[in-house]
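Me: I would like to go through the labels attached to this structure and ask what each one rests on. Please set the values against the cut-offs where a cut-off is needed.

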Amino acid sequence: MPERTASMTAHIKAVEQIRDSYAAIPEDAAPRLAKATTNLFRFRAPAKTAALSARDLDQVIHVDPVTMTAEVQGMTTYENLVDATLPHGLMPYVVPQLKTITLGGAVTGLGIESSSFRDGLPHESVEELEILTGDGRIVVARAEGEHADLFRAFPNSYGTLGYALRIRIKLARVKPYVKLTHIRFGDADKCMLAMQEICESREHDGEPIDFVDGTFFSPDELYVTVGSFSDRAPYTSDYTGMRIYYQSIRSRARDWLTVRDYLWRWDTDWFWCSRAFGVQQPLVRSLLPRRWMRSDVYRRLVGLDQRYGLTARIDRWRNNPVHESVIQDVEVPVERGAEFLEVFHREVGMTPVWMCPLRATGEWSLYPLEPGRLYVNFGFWGMVPLPRGQYDGYHNRLIERAVHALDGHKSLYSTSFYGREEFWRLYNGDAYWPVKSAYDPGGRLLDLYDKCVRAR
C-alpha cells in the first residue's frame, strides 16, 4: 500500500517536528496547540503561551474497509474523515454534529450525536492513541498494556495530559440514505418516556432505528426524531440553502436525507444559532454564499465579538440589560430529564434545546457516567438577560447546581464556575492526579481545573 506508506512517512515527520518544537518551548511558557478552528467556548485572557503548530497533523492516513478502521491524525476534522470513509460505505460510530470538530478534540474533550444512544461517545470506538505527553514523550496508548491508565484518563482531559497525534478508530457500515420521523409530544414526561423506550428497544413502529435525538421548543411542543438507514429514498431534502433543518422538524412528520447531509444537518445553521447573525432572514440567506453558512464561520464571528465587545457596546448604547452567555451541554439521566427541562425553562427560558440520548459503554476516569445507564444530553447556546443585581455566571451556576442535583454531569468545553474541591470531586481528581504525575510530572501543561474553570 504505497499511499498508506507515504502518508505514514509524512506523519512520522510531523510527529518529529512537533516533538522538537515542544522541547524548544521555554519552561516558563505554557504550551498551547495552535488550531485553524476551535469549538471551545472558554475565552482565555491573554497569557504567556507558546503555540505548537498542528498544520501537518490534519490528514486521514488510511481507511481500511476490510478491518473497518481508520488511521487519522489528531487534528483531522470529522468533515474530512467522513469524506474519506463514505466512499467505502463506512462512517465513524459517532460523528459529532459540527464539521470542524477534530478527532483529537472529540477524544480529549467530548462529542456526541444521535448514534450515541447505542454507541456512546466518540472515544469509545478508539482502538489506539499516539500521544505527545506533558513530559515530552511520544507514547502509544491502548485499552490494555503499559499506557492503559493514560488511555482511560485521556477523554475529558482537554489537553492537560498531552496531545493526540494519531488515532485508530473503528468504523461502522452505512447505507446511502436516512429516513427521518419527527414525533411530537405535548408533555416532557411522555417525551422522555418515549425516548427511553425507543432507545431500549432500538425500534419505532416495528422498524429498527439507527439514530435518535430530539428538540424542545416549549413545554408543550417537543419532538423525538428517529432515523433509519435506507438503500433507497423517494426524495431527498436539502438544508444547505434556503431551507432550514430545525424548522422542518415542526412542519413535517417524515423526511429523507442523504447520509452525508444527515450527518451535517445541524452544521449549516449551527443548530439554530445562525439566527443571531440574521442568516435565517430570507433576503440575507439568499445573498450569502453557501460556503459561508457553516458553524466554523459563525464561531469566528463570536470570537471577534468576544474580542472587541461589539454586542456589549450596542446593549449599553441601547440601554439593554446586561446579558450572560449560556453555552452548555449537560447530561442528565433520562428519568430526570423532564425535571431538568422544567427548571431550565423556568429559570433560563432559552429555546430551542437539543436533546440527545447517550449510553456510555464503558468506564472512563474523568467523565464518570454510569455505564449502561441512559442519559439525555441537553444542549443550549445563547445569551440571557441577567436579573437586576446579579452578575455574570448567575444562570450558569444555577444550571450546574440543577444538573448535579439530578445526578447529571456537565461538559467542560465552555465556562464553568465550580470551586476547586467541588470540581475535583465531580471530575474524579483521585483518578486524574496519578496519571498527571506519571505523564506530566513537571507540570508543563495546565491542570484540568486551571484550564477549564480558571480559563488559563
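Me: In β8, which residue is the bridge partner of Q73?

Reply: This is a predicted model. In it, Q73 has R166 in β8 as its bridge partner. The pair belongs to the contact between β4 (residues 69-73) and β8, where five bridges join antiparallel strands.

Me: What makes β4 and β8 count as paired?

Reply: Pairing requires at least two bridges between two strands. β4 and β8 have five, so they pair by that definition. Strand β5 (residues 90-92) also pairs with β8 in the antiparallel sense, over three bridges, and L90 has R173 as its partner there. Strand β6 (residues 126-133) is joined to β8 by seven bridges, again antiparallel; I131 has A164 as its partner in β8. In general, strands of a sheet pair through backbone hydrogen bonds, either parallel or antiparallel.

Me: Why is strand β8 called mostly covered?

Reply: A residue is buried when its relative accessible area is under 20%. Nine of the 12 residues of β8 (residues 162-173) are buried, and the strand is therefore described as mostly covered.

Me: Which strands stand at the edges of the eight-stranded sheet, and why are they called edges?

Reply: The open sheet has the order β14-β9-β13-β12-β16-β17-β15-β18, with antiparallel pairing. β14 (254-258) and β18 (409-410) are its edges, because each has a single partner strand and one side of each is left without a neighbour in the sheet. Within the sheet, β16 (residues 353-359) and β17 (residues 374-385) run antiparallel and are joined by six bridges. P357 stands opposite V376 in β17.

Me: What makes the phi values of F271 and N428 worth noting?

Reply: Most residues other than glycine have a negative phi. F271 is not a glycine, yet its phi is positive, about 60°. N428, also not a glycine, has a positive phi of about 60°. F271 lies in the loop between α8 (259-263) and α9 (282-287), and N428 lies in the loop between α14 (420-426) and α15 (429-439).

Me: What makes D149 partly exposed, and which residues does D149 touch?

Reply: D149 has 34% relative accessibility, which lies between the 20% and 50% limits, so it counts as partly exposed. D149 lies in helix α5 (residues 148-153). Leaving out residues up to four places away in sequence, D149 touches V435 and Y439. The C-alpha atoms of D149 and N319 are separated by 53 Å, the two residues being 170 residues apart along the chain.

Me: Why is the space lined by L110, L121 and H123, among others, called a cavity?

Reply: A cavity is a space where a 1.4 Å probe fits but cannot get out, whereas a pocket is open. The structure holds one cavity of 30 Å³ or more, and the largest cavity has about 50 Å³ of space, so it passes that volume limit. Its lining is L110, L121, H123, E124, A360, G362, W364, Y367 and L369. That lining divides into six nonpolar, two polar and one charged.

Me: How many residues line the second largest pocket, and what kinds are they?

Reply: The second largest pocket is lined by 14 residues, with A36, T37, D58, M75 and T77 nearest its centre. The lining of this pocket divides into four nonpolar, five polar and five charged residues. About 250 Å³ of space lies in the second largest pocket.

Methods:
Residues numbered from 1 in each chain as written. Predicted model: local features only at pLDDT ≥ 70, side-chain atom pairs only at ≥ 80, totals over all residues. Heavy atoms only, no water. 1 Å grid on protein atoms, 1.4 Å probe; cavity = no way out; pocket = protein on both sides within 12 Å on 5 of 7 lines; lining within 4 Å. Points joined across faces, edges and corners; volume = space filled by probe spheres on them. Nonpolar A, V, L, I, M, F, W, Y, C, P; charged D, E, K, R; others polar. Helix = DSSP H or I, 4+ residues; strand = E, 2+ residues; numbered from the N terminus. Buried < 20%, exposed > 50% of the residue type's maximum accessible area, 1.4 Å probe, protein only. Contact = heavy atoms within 4.5 Å.
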